[in-house]
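My notes follow the order in which I checked things.

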Amino acid sequence: MSYQVLARKWRPRRFEDVVGQEHVLKALVNALTHQRLHHAYLFTGTRGVGKTTLARIFAKALNCQTGITATPCGTCAACTEIDSGRFVDLIEVDAASRTKVEDTRDLLDNVQYAPTAGRFKVYLIDEVHMLSTNSFNALLKTLEEPPPHVKFLLATTDPQKLPVTVLSRCLQFNLKRLSSEAIAAHLARVLDAETVAYDAAALRLISRAADGSVRDALSLLDQAIAYGAGAVKEAEVNAMLGTLERGEVYGVLEALAAQDGAALLNAVERLSQGTADFKQVLETLLSALHHMAVLQTVGEGFGDDDETLQVLARRIPAEDIQLYYQIGVLGARDLPYSPDGRTALEMTLLRMLAFRPGAAVRQSPSARMVDSKLNEPPRAEFKPSGFRPEKHTIAEPKTPPPVTVAPTAASQAPAATVPLKATTSDWPTIVRLLKLDGFARQLASNCAAEQCSAAGVKLTLATAHASFHSQKLEQRLKEALSDYFGTPVPLSIRVGEPAAETPAEQQTRAAQQRQAAAQQEIESDGTVRAMLDTFNGRIVPDSVRPIDG
């Protein structure tokens, strides 16, 4: 007996066998149970989700010799003939090959005749959106008022191409793409029934490659069984699909965590030796970054437990992961416009290093040598011995004597030995000197100090900014304070209404005062007033900017 492919062998023959379309099954089963039958049904959805399969099961439910039922027997003449494609009253039409209006008219000429063997004459028109405009016009009247013994079942992957006049005459059911988990579970049931050995990881790879289509997943499963000589293993499926394992991008993530540009380029070199699909490298990297972000938000134990990603998720700050992901998405979008895939991948990864706030990328010795050469002071200008300036050369202005400005507290960096004594009034100055960036600096800026010394720091975080309070940010602030005071400093933060003005509020108030002073200076300027009077003008407030410094 010839081999029957899995996609055909495991095509559902009952409503209970259909995977993942419960929202459609419920409506169809209830309609059959309560005999509330419409004359035209439209099934839409991507390829391989069960549109034609549902239509055939519905045709069996209408014509089963046991009566109109949601559970056709599957053994009567009507059921077996529909399953084998020989039922005379089920007319299946491929609209992609019969698009002309003459084909539609020939089809409708037999609508008036009663069914030969079944209860209903069922017209199943697949890919109905391929019909021409004239064909749709010829179909409309019959589709709206067919004889009582006729049912129309339409299927399409592109409902947007159907005229609204057709859509309004049908009950429409949108079949959804299946999740990878649902497809993997279905594949496991199939392999268990077929007694084929498999790896759960291999089924996850196949379900992701199927992209929501059960039929595609079963076809890939057939291919994987043949490739693996009767078994479905992760390594063989990876080789068959040409996919990139997540572990192959760990070198890139390690280099990003270490902020090491040389290691990053070395990781790309290793990847280029094993694969030429750099778009897939970026997609795999984005998947790993997404998993790390989920781990940081939900915690370990979510999804597949990957110890390496758990460690990297603890090493790379959450804001950096979000930045890397966004840069990676933009890099994948621009990949087709780059000179070559490797260049695009390297530039995307280097942007991740360069645009990280406060980034200090580690350089190789040769790179530091070049950098030192670039930073050397310019050499004296060479002039030939016979050079004489002309007499009418404009004299250069005399250089004014240097002005000595006393350093302010804000401009002074903390000395090697910082005094261990401080007061709450020193908190704004301390915040400016702390080695913080990003959300950690926002946390410090929106706190007021109740106690501020090397013996301990107690802060009150404004309630409006309570979202900045997290264990990770508090730890970073504690480490920065310990560096500032030169000794471990206990830190406690409570959320409430600060008794004093926070550094952020001070900065806002100072900016408002500078803005008001600048606007008043502009309005009182005589030249500006004369221009306003002459040209009947006005000052746009948002256009006034104070000069900082």
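I started with Lys 9, which forms a salt bridge with Glu 194, the closest N and O atoms being 2.8 Å apart. My criterion for a salt bridge was a side-chain nitrogen of Lys or Arg within 4 Å of a carboxyl oxygen of Asp or Glu. This pair links distant parts of the chain, with Lys 9 in helix α1 and Glu 194 in helix α8 (residues 180–194), 185 residues apart. I took helices (H or I, at least four residues) and strands (E, at least two) as DSSP runs, numbered from the N terminus. Lys 9 is partly exposed at a relative accessible area of 40%, and Glu 194 is partly exposed at 23%. For these words I used under 20% relative accessible area for buried, over 50% for exposed, and partly exposed in between (1.4 Å probe, protein chains only).

A note on the source: this is a predicted model, where local features need pLDDT of at least 70 and side-chain atom pairs count only at pLDDT 80 or more, while totals for chains, interfaces and linings use all residues. Residues are numbered from 1 along each chain as its sequence is written, and side-chain values use heavy atoms, with hydrogens and water left out.

Next I looked at Asp 83 and Lys 60, whose side chains meet in a salt bridge (3.0 Å, N to O). Asp 83 is in helix α4 (residues 77–84) and Lys 60 in helix α3 (residues 51–63), 23 residues apart. Which partner is buried? I found Lys 60 buried, with a relative accessible area of 2%, whereas Asp 83 is partly exposed at 33%.

Arg 315 lies in helix α15 and Glu 254 in helix α12, so the pair ties together parts that are 61 residues apart in sequence. I also noted one network, in which salt bridges with shared partners join Arg 14, Glu 16 and Asp 17. My search of the whole structure gave 20 salt bridges.

What do they pack against? After α12 comes Gln 259, with a positive phi near 55 degrees.

Leu 265, Met 347 and Leu 350 make a nonpolar one of about 230 Å²; Leu 265 is found in helix α13 and is partly exposed at 34%. Arg 8, Arg 11, Arg 13 and Arg 215 form a positive patch. Arg 11 sits in the loop between α1 (6–9) and α2 (22–33). Patches take residues with over 30% relative accessible area and no salt bridge, joining like charges within 9 Å and nonpolar side chains (Val, Leu, Ile, Met, Phe, Trp, Tyr) within 5 Å.

The chain has 23 helices and 10 strands, and 38% of its 549 residues count as buried.

Note on methods:
Areas by Shrake-Rupley, 256 points an atom, 1.4 Å probe, with all protein chains shown as cover. Lys, Arg positive; Asp, Glu negative; His and termini not counted. Charge placed at Lys NZ, Arg CZ, Asp CG, Glu CD.
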